[in-house]
Every structure is written in C-alpha cells, then in structure tokens.
Amino acid sequence: MRVHYFFKNLFPKEKTNLRNLVQAKIGQLVKMVRATPETALAVKGEKTAKKSAYIIELVFRHNGKRFVAKEDDHTIQEAVDISLSGIVMQVRKVKQLNSI
C-alpha cells in the first residue's frame, strides 16, 4: 500500500513521529483489504496555532472507493488512533454490505 504524507506547521520530530505511528498502526487496515495498485492512504497532519492541537486526516482509497476520517486532539497518537479506527469501521461496513 502506498502512503503519502502531507504536513502543515509540524516540526521535523513531529513529522517523524507521525510517520512512525502510521506505519505501526496500518497493519490492521492492510489485513482487511487485498492491496491493489491503486490502494493508497493519504495522511494529512497539521498543528494548529491557537489550540496547540493536532489535526490528522486520513484518506484511504481502495477499489474505486474513498474513505475519510478526520480528528483533532492534543496528542498525535490519539488523533491517529481515532482517525484510523474510523477508517477501519467504514471499511468493515462496506465489506459487510457487499458480502450480503
């Protein structure tokens, strides 16, 4: 699976942390779908100046479908966890509907 990263207002250490978290956590998503050449995950990370919070948006594309989850939190790890669980729930729902 291809993973693309986009950053806004993040320090280099935060960028590395975000990359490492996503790579460690996407295993559950990889297990659910059979990767095709167009399967891709876009990770958008932003740090807000006013709230000092992180906004993480994940856009997962697979078999012509697009799944999006966005979360803002004060830690990168929690924002990634919640966003990724949102994507996983969406994929599960589509898989269940298609198997009927």
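**The pocket and the sheet**

Mentor: The largest pocket has a volume of about 160 Å³. This is a predicted model, where local features need pLDDT of at least 70 and side-chain atom pairs count only at pLDDT 80 or more, while totals for chains, interfaces and linings use all residues. Residues are numbered from 1 along each chain as its sequence is written, and side-chain values use heavy atoms, with hydrogens and water left out.

Trainee: What counts as a pocket?
Mentor: On a 1 Å grid over the protein atoms alone, a pocket is an open set of points where a 1.4 Å probe fits, with protein on both sides within 12 Å along at least five of seven lines; lining residues have an atom within 4 Å of a point. The volume is the space filled by probe spheres set on the points, which are joined across faces, edges and corners.

Trainee: Which element gives the most to the lining?
Mentor: Helix 3, with four residues. Helix 3 covers 76–99, and strand 4 (65–73) also supplies at least two lining residues. Helices (H or I, at least four residues) and strands (E, at least two) are DSSP runs, numbered from the N terminus. Among the lining residues are M32, H62, F67 and K95.

Trainee: How many of the lining residues are nonpolar, polar and charged?
Mentor: Five nonpolar, three polar and three charged.

Trainee: Switching topic: what order do the strands take in the sheet?
Mentor: The order is 1-2-3-4, in an open sheet of four strands with mixed pairing. Two strands pair if DSSP finds at least two bridges between them. Strand 1 (2–8) and strand 4 are at the edges with a single partner strand each, so one side of each has no neighbour in the sheet.

Trainee: And how do strand 1 and strand 2 pair, parallel or antiparallel?
Mentor: Parallel, over seven bridges; V3, for instance, has L41 in strand 2 as its bridge partner. Strand 2 (40–47) and strand 3 (54–62) run antiparallel, joined by eight bridges. There, A40 stands opposite R61 and G45 opposite I56.

Trainee: What sits between strand 2 and strand 3?
Mentor: Six residues, and the two strands form a hairpin; S52 in the turn has a positive phi of about 50°.

Technical notes
Nonpolar A, V, L, I, M, F, W, Y, C, P; charged D, E, K, R; others polar.
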